[in-house]
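Here are a few friendly notes to read with the structure open beside you.

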Amino acid sequence: MSPQNPFTAVDESFAADVLQLFSGICDRTTAALAVNEDWGGSGHRDDQYAVDLVLDEICVVPLVGEGFTVLSEESGVTTPDVESRGTVVVDPLDGSTNAGLGLPWCATSLCLVVDGLAVVSTVANLRTGERFTAARGLGAWHGGTRLAPLAPVALGEAIVAVSGWPDHPYGWRQFRALGAAALDLCAVATGAFAGYVDIDDAHGPWDYLGGQLVVEEAGGVVVDAGGRDLVTLDHDARRAPVAAAGPRLLDELLAQRRR
């Protein structure tokens, strides 16, 4: 099964099938993290934990088995033996340092990209059990509750999530640096944060694509601070996502970031 024109809305039955697949994967990554006691390195990369690879396998194997190409932070590109149904961009454990510290701000993020567009996504908080899902043109959900359109927030009243260290006052009310972009973006979608700013051009597509679709389907806006396309399937690409509840706040955050 393949989606209908992804430039309008993904087919509902296709989206439901993909979300069911993603849900089962997130159930298994949640269970695996809950019993993990090994916070040592993987031996493959300085910033990679052994548990990153455990969760990566949990994600990659069933996705490839269902005919999807996978782009994972941990293992790169894996292709199926059949004609690909699209590419699932995967962060098995976003916020792995938080997870190692016992902080409940870490997630599995899965986002299906078809014809250059993010069409279905799930972001699962692996400690609290919260789930965020979205399907292009069909809406976004926090658990079983559809997210309502976001209300505009003035910069002076905004509490904004950041990645990196602001080098000057942005004029916001307060900011937070929580260390898991996927969940930070989902918090924008719920209205908990008014916006999000990547200050350091530090994120691969697995970090933000799942949360980006949730924000957009909740009525928010997400762009790259450098004007580049955020949807990339290049493992080496890095972007600087900036998100906001509305276009006015987005413009103000971008202007401050460019100072």
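**Notes on the model**

1. Let's begin with Phe 175, which counts as partly exposed at 31% relative accessibility. Please keep in mind that this is a predicted model. Phe 175 makes a tilted aromatic pair with Trp 172, with 5.5 Å from centre to centre and 45° between the planes. Trp 172 itself is buried, its relative accessible area being 12%.

2. Phe 175 also has a partner in Trp 165. A search of the whole structure gives four aromatic pairs, and one of them is the edge-to-face pair of Trp 165 and Phe 175, at 6.2 Å centre to centre and 80° between the planes. Trp 165 sits in the loop between S9 and strand S10 (174–176), while Phe 175 is in strand S10, so this pair ties together parts that are ten residues apart in sequence. With a relative accessible area of 68%, Trp 165 is exposed. Together with Tyr 170, the residues Trp 165, Trp 172 and Phe 175 make up one aromatic cluster.

3. Now for the largest pocket, whose volume is about 490 Å³. It is lined by 26 residues, and those closest to its centre are Glu 73, Asp 94, Gly 95, Ser 96 and Asp 207. Sorted by class, the lining has ten charged, eight polar and eight nonpolar residues.

4. Which elements each supply at least two residues of that lining? They are strand S3 (87–94), helix H3 (96–101), strand S9 (159–163), helix H4 (181–190) and helix H5 (205–217).

5. Helix H4 deserves a look of its own. Nine of its ten residues are buried, so H4 is largely enclosed by the rest of the structure. Among the buried ones are Leu 183, Asp 184, Leu 185 and Cys 186. Just after H4, Gly 191 adopts a positive phi of about 90°.

6. Finally, the cysteines. How many disulfides does the structure hold? The count is zero. Cys 186 is buried, with 0% relative accessible area, and its sulfur is 11 Å from the closest cysteine sulfur, that of Cys 111, which is too far for a bond. Cys 59 is likewise buried, at 0% relative accessibility. The closest cysteine sulfur to that of Cys 59 belongs to Cys 26, and because the two are 6.9 Å apart, they are too far for a bond. For this step, the cut-off is that a disulfide needs the two sulfur atoms within 2.5 Å.

Terms used:
Residues are numbered from 1 along each chain as its sequence is written. This is a predicted model: local features need pLDDT of at least 70, side-chain atom pairs count only at pLDDT 80 or more; totals for chains, interfaces and linings use all residues. Side-chain values use heavy atoms; hydrogens and water are left out. On a 1 Å grid over the protein atoms alone, a cavity is a set of points where a 1.4 Å probe fits but cannot get out, and a pocket is an open set with protein on both sides within 12 Å along at least five of seven lines; lining residues have an atom within 4 Å of a point. Grid points are joined across faces, edges and corners, and a volume is the space filled by probe spheres set on the points. Helices (H or I, at least four residues) and strands (E, at least two) are DSSP runs, numbered from the N terminus. Ala, Val, Leu, Ile, Met, Phe, Trp, Tyr, Cys and Pro count as nonpolar, Asp, Glu, Lys and Arg as charged, and the others, Gly among them, as polar. Buried means under 20% relative accessible area, exposed over 50%, partly exposed in between (1.4 Å probe, protein chains only). Rings of Phe, Tyr and Trp (its six-membered ring) pair if their centres lie within 6.5 Å; planes under 30 degrees apart count as stacked, over 60 as edge-to-face and the rest as tilted.
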